[in-house]
Each structure stands twice: as C-alpha cells, then as structure tokens.
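The model is shown here for reference.

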Amino acid sequence: MATQRYSVTPHPIETVLAWVKSGEIAIPEIQRPFVWEATKVRNLLDSLYQGYPVGYLITWRNPTVRLKDGTPSAGKRILIDGQQRVTALMASLLGHEVLTRDYETVRIRIAFHPQEERFEVANPAIRKDAAWIEDVTAVFAPSTSVFQLVTGYCQKNPGVSQDAVFATLEKLRKIINNHVGVIELAHDLDIETVTEIFIRVNSAGTELSQADFAMSKIAVNETCGGNLLRKAIDYFCHMSVAPEFVVHVEKRDQAFAASEFFPAMRWLKDVNNDIYIPSYTDMLRVAFTSEFGRGKLQDLVALLSGRNFETRQFEEAISEASFDKLKKGVLAFINRTHFERITMILRSAGFVTSDLISGRNAVNFAYVLYLRGRAERVPAADLERLVRRWYAMSILSSRYTSSPETAFDFDIRQIAARGLVSYCDGIIESELPDSFWIGMLPQLMNTSSAQSPYFLAYQAAQVKLGDKGFLSRDITVRDLMLNRSDVHHIYPKKHLKGQGLSRGRYNQIANFVLTQSEINIAIGDKPPDQYFVELAEQVHGGRKRYGGITDETELRANLRANCIPESLLDGRIPGYDEFLEERRKLMALKVKAWFEAL
C-alpha cells in the first residue's frame, strides 16, 4: 500500500486569509490574472453562507534547507490549488482589487439582501435599493459596528425587524469561521511529483501550467529576490497592454520603482506596440530557454528549487545561481533595444500587424535566437536575416504548434552543440527544400482558414514585396493591412453558394484577395465572367467601374502581384476548382519569392 504523502487539516477561512496577508501562503500583490466571473464569486459566498463545502486548498512548502543553527526549515507554503478561491474571498470580503484577464484592476462588489438572505453582484439598481447592503465588505471591516450597521439599515427600511436583521448579519459574519480543508503535501516530495500533482489537480478547472507553478515558485523566494522578479515579469506584461500603468507603479509601488527592474521597463510608457504582447508564460519561456539552454519549464521549477539533476538532491547554491540566471534572462527580455529589435525584425519580414502573427511560440523562439545571437556577437545584419528566416520557416512548418516545449528543448540543445548559425541554416534548408514550394505548400493552402499560417505568410509576402491591393492603382497591401481592408472573394460567395457549394468550399484562401472596401462593394456578387469583361473594357477606354487602373499593362501587373491568372482578363474563365488549384501554385511561388527576399 502506497504511503500517504500529505496531511489534511481543517482551518477556518479567517486563518487562511490571515496566512495570505502575512505571507505565510504566497499570493503576490500582482498575481496570475483573476479569471473568475463575478457571479462565481457570488456563488462562493452563498455556498459558505449555506454551510456547503467549497473544496480543498493544496499547499506545498519549499524543499527543506538548513538554517544557520542546523535545524531544517520547510519554508513558505506555495498554493498549488485554490488561488482563485482565496483571491475571490480576499476581493469580496476584504475589498482587495484584482487583476483581470485584460490587466485591468477592478473591485468585485457582492451585495447582500438581509431580508431575503441572498447575494448578488452589485449593480446600479441594487445600489439604489435600500433593501440591499451593496457591498458585503462593510459587514467584515474591522471598524464596523454591527449595531450601527443594523440600526442604519432598519432606518432605511421601516418595519423590518431589527432582531432579524441582526441575526442575519451575525450569520453572515460567521462565514469566515467556516472550515476549509488544507491538504499539505509532504515537504520532501521531489519536484517532479509535485509538478505532476499540480497539473492533475488543475486539469479539470481553470487551466494552469508549468508557468503558473514557476511564477508561484519565484514569488515565495524573497531571499533570492523572487518577489521583485515576479513583479518585474507581471508588470512588464501589464505595461505592454496598458502603458499608463507605469504611472501607477511609480505612485503605488515605490519599492519596485526603486529596483533595477523598473528603469529597464519604464520605456514602455512611450510605446504603443501591438506586434508582440507577451504573457508571463512567453517571458519565462524566452528568458529561461535563452539563458539556461533548456526548453522545458518543469526544469526551471526544479532549478529554482535547487535541484541537482545528477545527484537528485536539493542544493541552495543551485537555487541561488538559477535565480541569478533567470533574472539575467528577464532583464535581457525587457531591454528596450532587444525588445524593439525583435518587433522590428518581424515588421521587416512583412508582419506589420498583430493580426498577421499566428504562432506565439514561433515568435518566442525567434526572440530566443535573437538573444542568443546577440550574446554570441553574430553580426547584426546576419542575425536579423537569420531570425526572419527562422520565424518564417517555423510558421510554414508548424514547428512549435504541437509539443512546443519539446521542440524548444531540442532546438536550443542542438544550437549549443552545433552552433547557432550552422544549425539554423541546416534546419531551414531541410524543412523548406524546393519540393516544399511546388509540391507541399500548394496542398497546405487547400484550407478555408483565414488564420492559417500559409495565408498569413502570403499576406506578409505581399507587404514585404510592396504589392498593390487587388485592382488598386496606388494603395498597397501594407496600406490596407495598417488601415482598413476587405477580404474579397474572387469568385463571389453568393455566386458559389447559388451553385450549392458549402462554406468550407467558397471560403478557400485561394479565393481571397485584399482590396479596398469601395472596390469590393462595386464588384458585389457579380461572377468573374462578368466583372472581368468589364475590367477589360475599363482598360480599353470604357467606364471606370473598379478602382483607378486604366492601363492594361498596369492591370496585368496587378493581377500577377495578386496571384490571379491573367487568362481571366482574356476571357478564359476556368471552373472554380481549376482556378483554385492554379492560384494556390501562384500563391506558393509568391511565398517562396518572399522567403528568398528575407
């Protein structure tokens, strides 16, 4: 029979909240964004009020280290499971602000109706209704006098029994005496086992990851400056979305503002970047992989814990060295020159908007390559070209789509063994041989997904090569991408639907072109055998119907730039399937020309 490696102890909710406030359990000031809806917070309070169980919390202490007097210390508790519930209680009962998915700081106000004994998310109507206590934090505030609260409520609600309201509010106040089970994992469990537990217990709820575990691990180690490092990661991600948050940090977190991290990221206040907005997972991946030469975040958790992979023991020196290396990686990530250079490289390849960025992990590894190349003093022009080509190869081959950590780990180890430039050049050549452009890529373009990496690469190619929009005399694809464009169906959707074609058939990417809205509207639902005749008339002195091109040579050049067979202008309108097959080949050659230009 397996030995039980945990203990279960019931604790009052009041005690758990006290642990959080004192730092006994590590939930940092700026934490993983709060993902619960306010209604879920309401339901949690109602369950407590009804005396229902609200699940267990699972904690684990840091691996045992020796204090100066030789005695062991298990360190702080890491909250393995239950962070959202604890945060919900802190927010609703104590009035703490939470950080949303959109990096907005909000207050969650839960109202209580003493007469009906029910909870609701506060709203304007409730705030105007005297029968509600609009925010239950008023009941739990240390300075609150229940007698005065009841008296004030009854004055606003004549005829209500003062004794009944008093009894109800006392019942509400006692929910913090309800017990919650705390499962504490044995402190001597190895990091792999705790990681496995972490993933299993969260698999059915809000998805967590190795990055979440790593962030908790970072935050609890104040000896190595983990609390500041954790804030640096969170704050940078937040400022990338909301640059105005810089001012908030300056005013409300002076300790962090005085650290070495804040001056390194303060530049974000003047930047409006929409190409690469990293999450904390992205930052950890890039910083860890570039500095440690490893790609699996579970290794980061182990190293931060002081894991010696050879002896399988925990050593404080390894933990300290790992924090120093991670700090170095984070500072390299947030460095203005580095960050702006990677976004510049992506733009220079034609990916001028975030809509064209499909593979976040492909961007992450491109950044890893840039940081490694810069550290190895690869000439700037050579490094930029290498990163552009690697990113293009990555999205076209879906290199980091499945099992990205395994791919990261393999690539970074091979780079260390074979050299950055030689390894990358070899992989690019093997992944994108001549047969890829003429054989595989046209087949991959047989898709209806406008977000497919092949269509995004095609649009980036048009941007990079300076192509004009479909039937545009002056407006480029770059102009359309940066401002406003329509995706036009060359064989109009209504025309194809009338022939009984399904959505997946008429929305093929080989039927798409980027064009100006007015051109798209002018063509409308006309079939190609009609509007191409009118285009031929337009460039031979006829009425100007579609765009401003009036010269046949210029029109043919526009069709070639948009990979449309010129035969359509000559009156030879192929069947839809034949057209798609021919255009896919032309689009693939366009992408090849783009890649060669990188």
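Serine 398 sits in the loop between α19 and α20 (404-418). In this predicted model, serine 398 has a positive phi of about 55 degrees, although it is not a glycine.

**Loop residues with positive phi**
- Serine 398 has a relative accessible area of 31%, so it is partly exposed.
- Leucine 471, also not a glycine, has a positive phi of about 70 degrees.
- The loop that holds leucine 471 runs between α23 (453-464) and α24 (477-482).
- Leucine 471 has a relative accessibility of 1% and therefore counts as buried, the cut-off for buried being under 20%.

**Packing of α18 against α19**
- Helix α18 spans residues 360-375 and helix α19 spans residues 380-397; their axes come within 9 Å and cross at roughly 155 degrees.
- Because angles over 145 degrees count as roughly antiparallel, α18 is roughly antiparallel to α19.
- The crossing of these two helices, α18 and α19, is right-handed.

**Residues of the α18 and α19 contact**
- From α18, the contact involves Ala362, Val363, Phe365, Ala366, Leu369, Tyr370, Gly373 and Arg374.
- From α19, the contact involves Leu383, Val387, Trp390, Tyr391, Ser394 and Ile395.
- By class, the residues in the contact of α18 with α19 are 11 nonpolar, two polar and one charged.

Key. Residues numbered from 1 in each chain as written. Predicted model: local features only at pLDDT ≥ 70, side-chain atom pairs only at ≥ 80, totals over all residues. Heavy atoms only, no water. Axes fitted to C-alpha atoms, helices over the stretch in contact; angles between N-to-C directions. Helix = DSSP H or I, 4+ residues; strand = E, 2+ residues; numbered from the N terminus. Parallel < 35°, antiparallel > 145°, perpendicular 65-115°, else oblique. Left-handed = near helix turned anticlockwise from the far one by under 90°. Contact = heavy atoms within 4.5 Å. Nonpolar A, V, L, I, M, F, W, Y, C, P; charged D, E, K, R; others polar. Buried < 20%, exposed > 50% of the residue type's maximum accessible area, 1.4 Å probe, protein only.
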